Amino acid sequence: MNIDIFKDILVPVIGGLGIFMLGLEFMSNGIQALSVNKMRAFLARAAGTPIKGVIAGTLITGVIQSSTAMTVMVVGLVNAGVVGLRPAISVIMGANIGTTLGNGLIALPLGPLGLIFAGVFSLVYCFAKSERIRNVALACMGFALIFYGLNLMTGGLRPLRNIPEVMDVLSTLTADSYYNLIKCVLIAAGVTAMIHSSSATIGIVMGLGAAGVLDWTTAVAFSLGADLGTTITSWIASLNLSKNAKRAAYAHMSFNIIGVCITVPLFFVSIDVLAWAMQWFGGDPGIPVVVEGKETFPLVPVAVGLYSTFFNVFNTALLFPFVSVFERVLSRIGRIDAEDVEDYSTPKFLDRRLTSDFARAVPAVQQETARHLQAGAMFLDIARSAKSAPSDPGEHYLATDILSRDIRDYTASLMKEDLPYEQLDLVASLIEEADFTAALTESMHQVARRVKREKFSEPALAIVNLALSKLDASLRDIMPDYGVVRPSMPAGHVSVPNVPELREQTLALGPNAGAAERGTILALLGSVERAEILIRRIDEERKSVNRQSVLSRVSQKRERQARPPLDEGGLSPMPAE
């Protein structure tokens with residue numbers, strides 16, 4: 001059989017890889033655009049504890065029969081901020097078990113189905129009028145493209161099986177010593193890394209073992225390598241994603257690497273145990289059965305499947321108690337000072353148990369909104385490239401956007417039908433303040449993006465710094481503890497030029513700055529101007545309702561209700577002598 005290396009291998013492999021990465025991006029974007037809070041709550045129920053995470057990962061992977069797709073999905077969800085690192089680690093553990101539950105389904109035509117569903121959901125995305133439906137379609141289309149991309153890559157590498165040199169290498173391998181065992185494991189890992197499917201590799205090994213090309217011990221050794229090589233897909237999936245997504249992929253890699261390193265020294269002992277256990281599954285897998293005059297080894301696939309299942313269950317049971325250790329170690333990988341900044345995607349003060357206690361829930365909302373404002377102010381540190389600031393404005397904005405949705409949903413849940421008008425008015429004021437804060441954060445994000453994307457000359461940079469200083473000074477009106485305390489200035493003295501003056505200075509730069517620089521500064525000043533308007537609106541909104549007075553009356557009413565009743569004379573009963 002003649003194989004065209006370019007058409008049969010390179011084109012589908014490179015094209016499949018591109019479609020695979022695009023599918024991951026679509027799925028991640030669709031999930032982000034959907035109700036992140038509801039998704040997070042659902043996954044918290046499904047994988048709220050390590051045990052639940054392992055069960056969820058096992059069951060879901062057992063259904064879709066692809067630990068690769070499951071792991072890639074988890075990496076994408078971590079990147080979207082929906083799943084934290086700790087539950088992701090336990091879900092990936094379960095995925096390793098789930099993929100062994102049905103090796104008989106490795107021939108399932110997921111690729112063609114992926115293409116069909118991708119086409120259907122792309123049409124839905126193009127013609128749907130509802131933004132929610134479009135986002136659902138985008139996420140589903142991405143998930144379908146992941147399957148199709150994996151199928152293309154697998155199909156592109158399948159012709160390698162028909163290259164005599166490849167098959168000669170496989171047929172000459174025997175796991176009869178530790179050296180040859182390690183060689184078998186590494187070769188199988190390399191093949192799996194190219195095919196992107198441990199199930200496909202195990203299926204090939206089962207076929208080679210049943211045909212007698214590989215002896216059953218060597219076929220089992222190849223299954224170890226397949227579990228090692230499958231980690232490459234999650235690593236590729238995480239290459240251009242967030243640090244936490246990379247850490248989830250590293251968790252998948254570290255589990256299997258540690259498991260293989262522990263199992264290899266025990267391999268020949270485990271083979272003896274497997275040979276003993278096979279008496280309940282048909283007998284010795286090394287004894288051939290003659291079918292139509294040809295020797296076959298039908299029990300080799302059974303032995304390979306049993307060993308693969310045992311390995312993953314043993315590995316998970318061994319490493320499960322160390323989930324928290326993995327989280328601590330992995331969270332330090334690639335960590336920079338900016339990551340030590342507080343995680344603003346997770347609420348700190350919003351306790352759902354307080355929603356029925358108006359007097360305590362309102363201060364919690366105010367604290368969380370102030371925290372959101374603090375996160376928005378950090379964009380000025382990003383613009384100045386401060387060492388303690390987050391390095392990526394986009395990732396930080398995503399975190400603040402998630403926090404904004406949490407604040408809005410929590411505050412809206414306080415609007416009970418039986419509340420007095422003044423309390424409803426206070427809740428409405430809090431919602432408006434949170435909305436203005438979100439808009440202010442978006443404007444600050446635009447400021448940081450524009451500063452980071454453009455390289456300014458010295459005269460232009462001086463104007464940019466003045467604009468940032470002006471925003472600093474304005475923020476102190478609603479953040480009294482922000483930055484350096486404003487010094488007392490003489491009446492009429494202006495320490496920072498206003499926006500029109502900065503605009504005039506920009507236009508007067510002339511040859512000292514290029515057109516792109518001046519255009520960026522003008523756009524930047526527009527963002528500063530919008531930010532200052534929003535700062536004034538936040539300040540006005542805080543003063544529109546006497547919040548402290550309303551809360552004081554609520555507290556007084558609660559104290560009166562909690563006070564024990566008096567007797568008819570207005571005195572408490574005397575205790576009996």
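Biologist: How many helices and strands are there in the chain?

Modeller: The chain has 23 helices and two strands. Helices (H or I, at least four residues) and strands (E, at least two) are DSSP runs, numbered from the N terminus. The model is a predicted one, in which local features need pLDDT of at least 70 and side-chain atom pairs count only at pLDDT 80 or more, while totals for chains, interfaces and linings use all residues. Residues are numbered from 1 along each chain as its sequence is written, and side-chain values use heavy atoms, with hydrogens and water left out.

Biologist: What share of the residues in the chain is buried?

Modeller: Of the 577 residues in the chain, 45% are buried. Buried means under 20% relative accessible area, exposed means over 50%, and partly exposed is in between (1.4 Å probe, protein chains only). As for contacts in the chain with a separation of 6 or more, 80% are between residues 24 or more positions apart; contact means heavy atoms within 4.5 Å.

Biologist: Why are α19 and α22 called roughly antiparallel?

Modeller: Helix α19 (residues 421-453) and helix α22 (residues 515-544) pack at an angle of about 160°, with their axes 9 Å apart. The axes are lines fitted to C-alpha atoms, for helices over the stretch in contact, and angles run from 0 to 180 degrees between N-to-C directions. Angles under 35 degrees count as roughly parallel, over 145 as roughly antiparallel, 65 to 115 as roughly perpendicular and the rest as oblique. The pair α19 and α22 is therefore roughly antiparallel.

Biologist: Which hand does the crossing of α19 and α22 have, and how do the residues of the contact divide?

Modeller: The crossing of α19 and α22 is left-handed. A crossing is left-handed if the near helix is turned anticlockwise from the far one by less than a right angle, and right-handed if clockwise. The contact of α19 with α22 comprises 12 nonpolar, seven polar and seven charged residues. In this division Ala, Val, Leu, Ile, Met, Phe, Trp, Tyr, Cys and Pro count as nonpolar, Asp, Glu, Lys and Arg as charged, and the others, Gly among them, as polar.

Biologist: What makes Ser429 a buried residue, and what does Ser429 touch?

Modeller: Ser429 lies in helix α19. Its relative accessible area is 2%, so Ser429 is buried. Not counting residues up to four places away in sequence, Ser429 touches Glu541, Ser544, Val545 and Arg547. Ser429 and Lys543 are 114 residues apart along the chain, and their C-alpha atoms are separated by 9.6 Å.

Biologist: Which members of the largest nonpolar core touch the most other members?

Modeller: They are Leu440, Leu471, Leu475, Ile478 and Ile521, in a core of 36 residues. At least two residues of this core come from each of α17 (358-383), α19, α20 (458-475), α21 (499-507) and α22. The largest share, eight residues, is supplied by α22. A nonpolar core is a set of buried Ala, Val, Leu, Ile, Met, Phe, Trp, Tyr and Cys residues joined through side-chain atoms within 4.5 Å. Leaving aside neighbours within four places in sequence, Ile521 is in contact with Phe456, Ala460, Ile463, Val464, Thr506 and Leu509.

Biologist: What makes α14 oblique to α15?

Modeller: The axes of helix α14 (residues 267-277) and helix α15 (residues 299-319) come within 11 Å and cross at roughly 120°. That angle makes α14 oblique to α15. The crossing of α14 and α15 is right-handed. Phe267, Ser270 and Leu274 in α14 meet Ala303, Leu306 and Tyr307 in α15. By class, this contact of α14 with α15 has five nonpolar, one polar and no charged residues.

Biologist: Why is α17 called roughly antiparallel to α18?

Modeller: The axes of α17 and α18 come within 10 Å and cross at roughly 165°. The two helices are therefore roughly antiparallel. Here α17 passes α18 in a left-handed crossing. The contact of α17 with α18 has 11 nonpolar, six polar and two charged residues.

Biologist: Why is Ser385 called partly exposed?

Modeller: Ser385 has a relative accessible area of 49%, so Ser385 is partly exposed. Ser385 lies in the loop between α17 and α18 (393-412). Although Ser385 is not a glycine, it has a positive phi of about 60°.
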